[in-house]
Amino acid sequence: MSNRELINRLPKAELHLHIEGTLEPELMFKIAKRNNIELPYCSVEEIRSAYNFSNLQTFLDIYYKGAEVLQTEQDFYDLTWAYLQRAAEDNIRHTEIFFDPQTHTQRGIAYETIVTGIHRALQDASQLNITSRLIPCFLRHLSAEDADKTFDQVLPFIHMIDGVGLDSSELNNPPEDFAAVFARAREAGLKCVAHAGEEGPPEYIWGALKSLQVSRIDHGVRALEDTLLVEYLKENQIPLTVCPLSNLKLKIFDTIADNNLLELINAGLFVTVNSDDPAYFGGYLNENYHALDSALSLSAEQIIQLVKNSFEASFINDSLCQKYLAEISEHE
Ligand code: ADE
Ligand code: ZN
């Protein structure tokens with residue numbers, strides 16, 4: 001069997017996926033139309049051709065604008081359901097989805113509208129044989145006070161979520177600023193994750209580990225610049241959710257061949273592969289694996305290990321994890 005076929009057939013988990021980053025231009029137009037919103041684009045092609053980014057911020061500016069079409073619970077349901085259908089095509093069996101409450105509450109959309117729309121679609125995902133977890137992220141370009149107020153809105157609906165995350169513009173927005181709200185989240189029994197070491201320095205990975213007490217690092221590719229940090233991540237087997245096509249489009253690395261995924265693996269780190277914002281970065285999960293395989297000539301064993309890692313780094317319980325690992329072993 002070719003590696004391509006192996007990748008397509010293997011059951012996979014996705015652990016780093018922003019639901020707003022799955023908004024395809026076709027759905028953006030459809031939702032804009034029913035909400036009477038005028039888009040600054042005339043066609044789907046024009047939107048796609050605007051997706052040329054020079055760094056994280058130039059992407060975020062366009063991405064937050066795109067998310068403005070989302071207004072009703074049905075909009076959030078449709079967005080999530082479209083992603084889940086696409087995920088099923090990639091044999092994704094488990095997904096841990098991020099969403100950015102403040103992107104929407106800042107525009108007057110109630111937190112309840114957002115979370116219930118997404119959660120309802122995740123419940124319906126049993127029809128697709130997909131399990132899930134849901135993780136609201138705080139926007140780090142906004143203040144810690146704003147994150148705290150957002151967490152007040154999250155609490156009445158805490159049964160719908162599993163953790164909290166931290167995303168948006170990394171540079172000059174260190175994790176330590178959000179220590180208090182993450183402490184509240186931990187006290188409420190939530191898991192913690194944070195984007196760190198995407199554009200930001202290794203110190204931000206240390207900050208996420210020490211101040212926020214995260215159990216996974218989103219991206220983390222700059223960890224290799226700090227040997228003590230590499231040692232810590234290895235010792236504690238802290239998962240890194242690496243996103244190769246995202247790294248390419250946001251110019252973290254010039255080419256997929258330049259991505260340091262193999263160096264991270266060879267350093268003994270716990271690496272997973274993810275799609276981040278697939279509607280904006282030109283590929284869903286399998287395309288991320290295909291791109292890596294083409295550029296880095298992965299072995300079948302490496303592909304299988306990455307897929308196993310995706311379940312082992314997830315927030316599912318042990319028995320469900322064992323069930324998925326048994327499904328993978330049918331392909332070994
Ligand atoms: N929000 C959506 N995608 C992101 C990324 N790659 N980094 C930081 N914030 C994000
Ligand atoms: Zn991300």
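This briefing describes a zinc site and a strand sheet in a predicted model. Local features in this predicted model need pLDDT of at least 70 and side-chain atom pairs count only at pLDDT 80 or more, while totals for chains, interfaces and linings use all residues. Residues are numbered from 1 along each chain as its sequence is written, chains are lettered from A and ligands numbered from 1 in the order in which they are written, and side-chain values use heavy atoms, with hydrogens and water left out.

**Zinc site**

- The zinc ion (ligand 2) is coordinated at 2.0 to 2.3 Å by His16 (NE2), His18 (NE2), His195 (NE2) and Asp276 (OD), where donors are N, O and S atoms within 2.8 Å of the metal (3.2 Å for Na, K and Ca) and, as water is not among the atoms, sites may look incomplete.
- Along the chain, the donors of the zinc ion (ligand 2) follow the spacing H-x1-H-x176-H-x80-D.
- Because His18 lies in strand β1 (residues 12-18) and Asp276 in the loop between β8 (270-273) and α14 (278-281), the pair ties together parts that are 258 residues apart in sequence; helices (H or I, at least four residues) and strands (E, at least two) are DSSP runs, numbered from the N terminus.
- Both His18 and Asp276 are buried, meaning under 20% relative accessible area with a 1.4 Å probe and protein chains only.

**Sheet**

- An open sheet of 8 strands has the order β1-β2-β3-β4-β5-β6-β7-β8, with parallel pairing, and two strands pair if DSSP finds at least two bridges between them.
- Strands β1 and β8 are the edge strands, each pairing on one side only.
- Strand β4 (residues 163-167) runs parallel to strand β5 (residues 191-196) and is joined to β5 by 2 bridges, and Gly163 stands opposite Lys191 in β5.

Terms used:
Buried means under 20% relative accessible area, exposed over 50%, partly exposed in between (1.4 Å probe, protein chains only).
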